[in-house]
Amino acid sequence: MPAYSRRHFLTGTAAAGAAAALSLLTDGRFASAAAADRAMAASAARAVRIEGTTLEQVATATGSGPYKRLRSGPGWPLVVRTDLAAASSARDGRRTALACFVQFTDMHLVDTESPLRFEYLARELSSAYRPQEALTVRGASSLVERINSLRGGPFTGSPFSLVMATGDNTDNHEHIELDWYLSVMSGGRITPNSGDPSRYEGVQNSGSALFWNPESAFRDDFKAHGFPQVPGFLTASGSPFTAPGLRTPWYSTVGNHDDSIEGALPDLGLLHSLYTGDRKLEGIDEDEAAKLADALRNDPAQAITHLARLLRNGGPVRHITPDPRRTPFSPAEFAKAHLDPAHTGPGPVGHGFTASEAASGKLYYTFPISEGVLGVSLDTTNPAGFADGSIGTAQLKWLESVLQSRSSHWYDADGRVVRGSSGSGELIVLFSHHTSGSMGNLLPDPHHLFEKRHDGNELVALLQRYPNVVAWVNGHTHQNQILAHGHAVPERAFWEINTASHIDFPQHARIIEIADNGDGTLSLFTTLVESAARYETDFGDTSNAGLAALYRELSFNDPNATPAKRLGAPGDHNTELLLAKPGKR
């Protein structure tokens, strides 16, 4: 990537004024509306452009009833975070861009008609059913449209070198969901419907009060919360459309929903006949639901047995059209599908995966982000089950070998400096699905029973030994959160950047820009973006544009969700993250 100078940035007293405005925070939030307004003005003045990002406008609720309509609201200002390094007032004028890329995460493209889903656990597990999930494919395509419309990073002006999707790209690791994901990313004709192509066969026309029945006047629990009746919704949501696909090269990282049954149960092949069968369980009594939900949280093996019994003897069971495309994919098949020429799109071939990964099922790799910046994609899923992750010894050793091969120096376990013989001194950004705090699942991998598993604390400790590691970018929690991993030796610190999902509100993606400030520090700019969908909805509009808008509004109003928590604080939104630049030894 060429080095873009920051001529558009403020300098001198103007920069000092901007920094002052951005420092008016109380417990991570702005002290007053006036302080936020001043910060917003300063942010816009520092940026090359803010159009199309949450610096410009943000989806905002309006109305007094239980169901809120959305409209365009004021954007979020840039928050300067100096947790790990001080910010010099002159840095804007001498900044040089090093990298600019986009993160997608947790798109959860859902086959809502699949027999092997747990919608009937919605009251026990909020993620088991969402009223907006029939629109995930169109919503993801609208996010692609947004990225295609942007000209580059808002603070460096650099074009995007790539988009990385950090896992849970599918919801139930079915081949049909994977095909939808690959088509959304690379472009192509998509029919987001399975089973009988002429009708919908899922819980949203079941007549059960537990689910939103959009086409019916039946007063289900969601309509009691103000959800609308939308004639033609199910037919429109499953109708074919053409996804434009990204214009930017893209890569994939694997998540637990890409690896396990509903992201929680180990897939040992025992339930494949249920995936492709003709029986869909649409409800169970409250006691059975509580037992199954508890097993999903605490005993995956028991949950599989319990689920198989319910599908044989539970009720009500709906007879649906079988579909072999619902067969789950293996890790090797996940990589192989990315190598299909039909899904090359803007490239690269394989989107990070090679024939080697397709043969072995080892889903971790390195790739260039820009000149002098290396990306490392990890596989933090645990095939033993449960939603949270960890990393095996073989992958951990591979990661350390990569870090050493790209570092001019590092620190051993006792804190002594080790000088590399051939390290390039590249900056390194890690990508994974799980966060450091959600990598405590140390169950033995059923495919490698004698291999030790390692948690997030071990991974953080390893990364802090390599000064060239500047960021760890991840998802999984469906929440915006940015953590500073500090260290007594400043160059051993790094930032962990966690972004909310694109199925639950606020449905965000994130632009990340890395810049050298020319003063011994780096700046990582993180800017949230929403999809291209309009904010206002029309319940009579079931066009692609109308459905994309409705996707966002339904997610905000999901009574089982917690949008306020998932939004995060201002310091987790649009930020400038200061960091000591790694030294040369």
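For sorting residues by class, Ala, Val, Leu, Ile, Met, Phe, Trp, Tyr, Cys and Pro count as nonpolar, Asp, Glu, Lys and Arg as charged, and the others, Gly among them, as polar. Keep in mind that this is a predicted model.

**Exercise 1.** Work out how the lining of the largest cavity divides by class.

*Solution.* Start with the search of the whole structure, which finds four cavities of 30 Å³ or more. Take the largest cavity, with a volume of about 50 Å³. Its lining consists of Gly-52, Thr-53, Thr-54, Glu-56, Gln-57, Arg-146, Glu-530 and Tyr-535. Sorting them gives one nonpolar, four polar and three charged residues.

**Exercise 2.** Decide whether Glu-426 and Arg-406, partners in a salt bridge, are buried or partly exposed.

*Solution.* First, find the contact: their side chains meet at 2.7 Å, N to O. Now apply the cut-off, since buried means under 20% relative accessible area. Glu-426 has 17%, so Glu-426 is buried. Arg-406 has 26%, so Arg-406 is partly exposed.

**Exercise 3.** Find the edge strands of the seven-strand open sheet.

*Solution.* Write down the strand order, 5-25-24-23-6-7-10, with mixed pairing. Strand 5 (79-81) and strand 10 (250-253) are the edges, as each pairs on one side only. Then look inside the sheet: strand 24 (residues 521-529) and strand 25 (residues 575-580) pair in the antiparallel sense over six bridges. Here Ser-523 stands opposite Leu-578 in strand 25.

Methods: Residues are numbered from 1 along each chain as its sequence is written. This is a predicted model: local features need pLDDT of at least 70, side-chain atom pairs count only at pLDDT 80 or more; totals for chains, interfaces and linings use all residues. Side-chain values use heavy atoms; hydrogens and water are left out. Two strands pair if DSSP finds at least two bridges between them. Helices (H or I, at least four residues) and strands (E, at least two) are DSSP runs, numbered from the N terminus. On a 1 Å grid over the protein atoms alone, a cavity is a set of points where a 1.4 Å probe fits but cannot get out, and a pocket is an open set with protein on both sides within 12 Å along at least five of seven lines; lining residues have an atom within 4 Å of a point. Grid points are joined across faces, edges and corners, and a volume is the space filled by probe spheres set on the points. A salt bridge is a side-chain nitrogen of Lys or Arg within 4 Å of a carboxyl oxygen of Asp or Glu. Buried means under 20% relative accessible area, exposed over 50%, partly exposed in between (1.4 Å probe, protein chains only).
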